[in-house]
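Here is a short note for your review, in numbered points. Please read it alongside the model.

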Amino acid sequence: MSESLCLKKRLIAVCGKGGTGKTAFTAMMVRVLLDNGRAGKLLLIDADPALGLPNALGMKVKRTMGQVREGIIKTARSGSQEEKAQLGDRLDYMVLEALIETDDFALLAMGRTETLGCFCPVNDLLRGAVETLSDSFDTIIIDGEAGVEQLNRQVVRHVDTLVIVSDATTRGLQTAALIKRMVQDDRVIQCGRLGLVFNRVQGNEELLRRSAQEIGLEVFGCIPQDETVAYHDLIGKPITELSADSPGLAAVQRIVEKHILN
């Protein structure tokens, strides 16, 4: 881990319509934070069942929190009394088994939930374990699904900054407006600051900013269409290995400096 240089703890979540480039944005944000050395101890949580973030970072996941959850449910249903009694003591260890640690950051993949039904007590247990684990880190970044209910249900109940990523489409903006209502009106998750990032922008920035203003969302920034990002995605090369002159990376750096670190 890099030496802790940040002044305060930060918990940032990224969400938005599917296909808008949330994971690429998250990976570029990781690269920026590692380059400027201001993340301190950095934890990444991939809350998307598709496990896109490990791929964007060039990492392999051997165990997910979804598998931990399945193990708990299986033991609760058919384990011996001794195994059930030991579940509480083993929970932190089971979470650590799913944690991947590198020299620069740690990664926790939530993965897919296979067992159907309501398992709120199990979700509460796991969320508590993740929140306890997060206490050991200075900066936590969550790459989420389109909505924010899953973050609340399975990951955390509060974020400092929620970044909604949209493409330059009406559907992307509709999803952004829906998420805003879920956060501000329905309060599905507590959020300190909420902002919108337009991704793959091609010359219509002013129109996009007016559209965001109409739905009452602050625009954190616009990321231009960047063929180098698309090429890295195409050949499976980690987004964190983008060239320093990548226009997309430069745009994310401005967003991080102005809206994430300040």
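**Notes on the predicted model**

1. Confidence overall. This is a predicted model. The protein has a mean pLDDT of 87, and 89% of its residues reach 70 or more.

2. Confidence by element. Strand 8 has the highest mean pLDDT among the elements, at 97. Helix 6 (residues 149–155) has the lowest, at 62. Over residues 1–6 the pLDDT is below 50. Beyond near neighbours in sequence, that stretch still has 21 contacts in the model. Where pLDDT is low, predicted coordinates should not be read in detail.

3. The largest pocket. Its volume is about 390 Å³. The lining counts 29 residues, and the closest to the pocket centre are Gly 21, Thr 23, Ala 24, Arg 200 and Asp 233.

4. What builds the lining. At least two residues each come from helix 1 (22–36), helix 2 (52–57), strand 7 (190–201), strand 8 (219–224) and helix 9 (227–235). By class, the lining of the largest pocket has 13 polar, nine nonpolar and seven charged residues.

5. Helix 1 against helix 10. Helix 10 spans residues 247–260. The two axes lie 9 Å apart, at an angle of about 70°. Helix 1 is therefore roughly perpendicular to helix 10. On the helix 1 side, the contact is made by Phe 25, Met 28, Met 29, Arg 31, Val 32, Leu 33 and Asn 36. Helix 10 brings Gly 248, Leu 249, Val 252, Gln 253, Ile 255, Val 256, Glu 257 and Ile 260. By class, this contact has ten nonpolar, three polar and two charged residues.

6. Helix 3 against helix 4. How do the axes of helix 3 (residues 65–78) and helix 4 (residues 81–97) cross? They cross at roughly 175° and come within 10 Å. So helix 3 is roughly antiparallel to helix 4. Met 65, Val 68, Ile 72, Thr 75 and Ala 76 of helix 3 meet Glu 83, Lys 84, Leu 87, Leu 91, Met 94 and Val 95 of helix 4. The residues of this contact divide into eight nonpolar, one polar and two charged.

Methods: Residues are numbered from 1 along each chain as its sequence is written. This is a predicted model: local features need pLDDT of at least 70, side-chain atom pairs count only at pLDDT 80 or more; totals for chains, interfaces and linings use all residues. Side-chain values use heavy atoms; hydrogens and water are left out. Axes are lines fitted to C-alpha atoms, for helices over the stretch in contact, and angles run from 0 to 180 degrees between N-to-C directions. Helices (H or I, at least four residues) and strands (E, at least two) are DSSP runs, numbered from the N terminus. Angles under 35 degrees count as roughly parallel, over 145 as roughly antiparallel, 65 to 115 as roughly perpendicular and the rest as oblique. Contact means heavy atoms within 4.5 Å. Ala, Val, Leu, Ile, Met, Phe, Trp, Tyr, Cys and Pro count as nonpolar, Asp, Glu, Lys and Arg as charged, and the others, Gly among them, as polar. On a 1 Å grid over the protein atoms alone, a cavity is a set of points where a 1.4 Å probe fits but cannot get out, and a pocket is an open set with protein on both sides within 12 Å along at least five of seven lines; lining residues have an atom within 4 Å of a point. Grid points are joined across faces, edges and corners, and a volume is the space filled by probe spheres set on the points. pLDDT is the predictor's confidence in each residue, from 0 to 100.
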